[in-house]
Amino acid sequence: MKYSWLEILKAGFKQNQSWQPTWPTKDPAAAYDVVIVGGGGHGLASAYYLARDFPGKKIAVLEKGWIGGGNTGRNTTIVRSNYLWDEAANLYEHSLKLWEGLTADINFNVMFSQRGVYNLGHTLQDMRDIERRVNANVLNGIDAEVVDAAELKRRIPIMDTSKNTRYPVMGSSFQARAGVARHDAVAWGFARAAAKHGVDIIQNCEVKAMDISAGKIKGLDTSRGYIAASQVGCVTAGHSSVLAAMAGLRLPIESHPLQAFVSEPMKQVLNTVVMSNAVHGYISQSDKGDLVIGAGIDPYLSYSQRGSPHVVDHTAAAILELFPIFSRTRVNRQWGGIVDTTPDACPIISPTKIQGLYFNCGWGTGGFKATPGSGHVFAHTIGEDKQHPLAEPFHLDRFNTGALIDEHGAAGVAH
Ligand SMILES: Cc1cc2nc3c(=O)[nH]c(=O)nc-3n(C[C@H](O)[C@H](O)[C@H](O)COP(=O)(O)OP(=O)(O)OC[C@H]3O[C@@H](n4cnc5c(N)ncnc54)[C@H](O)[C@@H]3O)c2cc1C
């Protein structure tokens, strides 16, 4: 039987009438035990694990825009755990293990696809660093291997591994359990799971000021009125310094634009993720066929969610050198997010000198992969009012003591 487009449209809308909202729309209550500021993946995951593991607390997530409208909905979704230092590797591996059971845990398909991630090396020094990182990963029980250029060519035939490029590929590290996930689904899944545990998810609610007296947090002034709370967790990615300033604090954070772009969709030709710190680009292919391409940060500080054309230009050139087969591919969209970077390329998960006020930020270019793990350890830190052991090394104090965890090598071009 044939249907006109109008009949199809009408039938579609009719069916939609029985659809339920994914989570209920709530107005803010006068007071909560815990308020999480920021409705990105990390904030929503924090609220979910808090509500699940510390029942009885009245919890809200306040989001100034819409759920997942920040970096969560803007990132290129690479998930991996192959960091160099024990502290970071353990935290990201904790997260990767949570990813592996996440769809079942929150009963929402986050489309976690473990298609593996290659980090390319183009110089002898790159290869030494790769070998060192792979060895460190293996010692930490994290899957990792070194792959030489011939084997890379066998596994990814469309990649140019010849000596004819500016920076010939010499080999790479490979993590097979790494991969990609669907970013929106992560935000929606955590929001729905948190709401099922009684969390109020409140959108269009911007925190404007903090009510602090006698060294304790008392509540928040928001665009939807005053909300009292004895514990507040700030999980506001690109705007962490803005929130910190409301409390009279200064974080060791710089906010930079980070850009990405996607091509028109095409048949599946790339079944893995390829990243290169040296040439500044990385690429994967989404399930619907677009090439997802990302860059390094724009070098200047900015709160603009756009970025400069020369960065896109530079990244496209690097990717085309690795994959000349894509030279005629058309780019569909480009965008930017604001990432909060720290001096050691590691996050801050920490209480502050103000009682009841906590920060979870500084994930820079690579926090998506940590979403469940970050939420889990931050929930514990707030719920117990005591750092989770995995979060301990990421305390703000490290910038006073000098106990930095320098992950610039593994964080690299981003992600
Ligand atoms: C282009 C790009 C590519 C990336 N690629 C990757 C990748 O491949 N892999 C990876 O691991 N990471 C990647 N990242 C980094 C990753 O997206 C971030 O580290 C991570 O998403 C940050 O945590 P979040 O999800 O909670 O932040 P966000 O989703 O940004 O959430 C913070 C929320 O706080 C809200 N907010 C801010 N101020 C206030 C206020 N005053 N009141 C109320 N709400 C407020 C914002 O509106 C926002 O929704 C990428 C980032 C970008 C921009």
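How many disulfides does a search of the whole structure find? The search finds zero disulfides, and this holds for a model that is predicted.

**Cysteines**

- The cysteine sulfur closest to that of C234 belongs to C361, and because the two sulfurs are 8.5 Å apart, they are too far from each other for a bond.
- C346 is likewise in no disulfide, since the nearest cysteine sulfur, again that of C361, is 12 Å away, whereas a disulfide requires two cysteine sulfur atoms within 2.5 Å.
- C234 is buried, with a relative accessible area of 0%, and C346 is also buried, with a relative accessible area of 0%.

**Nonpolar cores**

- The largest nonpolar core holds 52 residues, and within this core W99, F190 and I201 are the residues that touch the most other members.
- Two or more residues of this core come from each of the strands β1 (31-37) and β2 (59-62) and from each of the helices α2 (41-53), α3, α6 (183-196) and α9 (371-383).
- Among these elements, α6 gives the most to the core, with eight residues.
- Leaving aside residues up to four places away in sequence, W99 touches V79, V110, F112, A181 and V186, and it also touches F368, K369, T371 and P372.
- Another core, of 27 residues, lies apart from the largest one, and its members include A60, I227, A229 and I253.

**L96 in helix α3**

- L96 lies in helix α3, which spans residues 86-106, and L96 is buried, with a relative accessible area of 0%.
- Although L96 and A370 are 274 residues apart along the chain, their C-alpha atoms are separated by 7.5 Å.
- When residues up to four places away in sequence are not counted, the contacts of L96 are V79, S81, F112, Q114, Q175 and R177.

**R398 in helix α10**

- R398 is found in helix α10, which covers residues 398-401, and with a relative accessibility of 3% this arginine counts as buried, because buried means under 20% relative accessible area.
- The side chain of R398 reaches the backbone oxygen of C346 at a distance of 3.0 Å.
- Besides C346, R398 touches T342, D344, P347, I348, P393, A403, L404 and I405, again not counting residues up to four places away in sequence.

**Surroundings of the ligand**

- The ligand is surrounded by 39 residues, of which E63, N71, T72, T76 and K369 are the closest.
- In the side chain of T72, an N or O atom is 2.5 Å from an oxygen atom of the ligand.
- The backbone also takes part, as a polar backbone atom of I78 is 2.9 Å from an oxygen atom of the ligand, and a backbone N or O atom of F368 lies 3.0 Å from an oxygen atom of the ligand.
- On its own the ligand has 1000 Å² of accessible area, and the protein covers 97% of this area.
- The elements α2, β12 (254-263) and β16 (331-341) each supply at least two residues of the shell around the ligand, and β12 gives the most to this shell, with three residues.

Conventions:
Residues numbered from 1 in each chain as written. Predicted model: local features only at pLDDT ≥ 70, side-chain atom pairs only at ≥ 80, totals over all residues. Heavy atoms only, no water. Helix = DSSP H or I, 4+ residues; strand = E, 2+ residues; numbered from the N terminus. Buried < 20%, exposed > 50% of the residue type's maximum accessible area, 1.4 Å probe, protein only. Contact = heavy atoms within 4.5 Å. Core = buried A, V, L, I, M, F, W, Y, C linked by side-chain atoms within 4.5 Å. Polar contact = N/O pair within 3.5 Å; in protein donor to acceptor, adjacent residues only side chain to side chain. Near = heavy atom within 4 Å. Areas by Shrake-Rupley, 256 points an atom, 1.4 Å probe, with all protein chains shown as cover.
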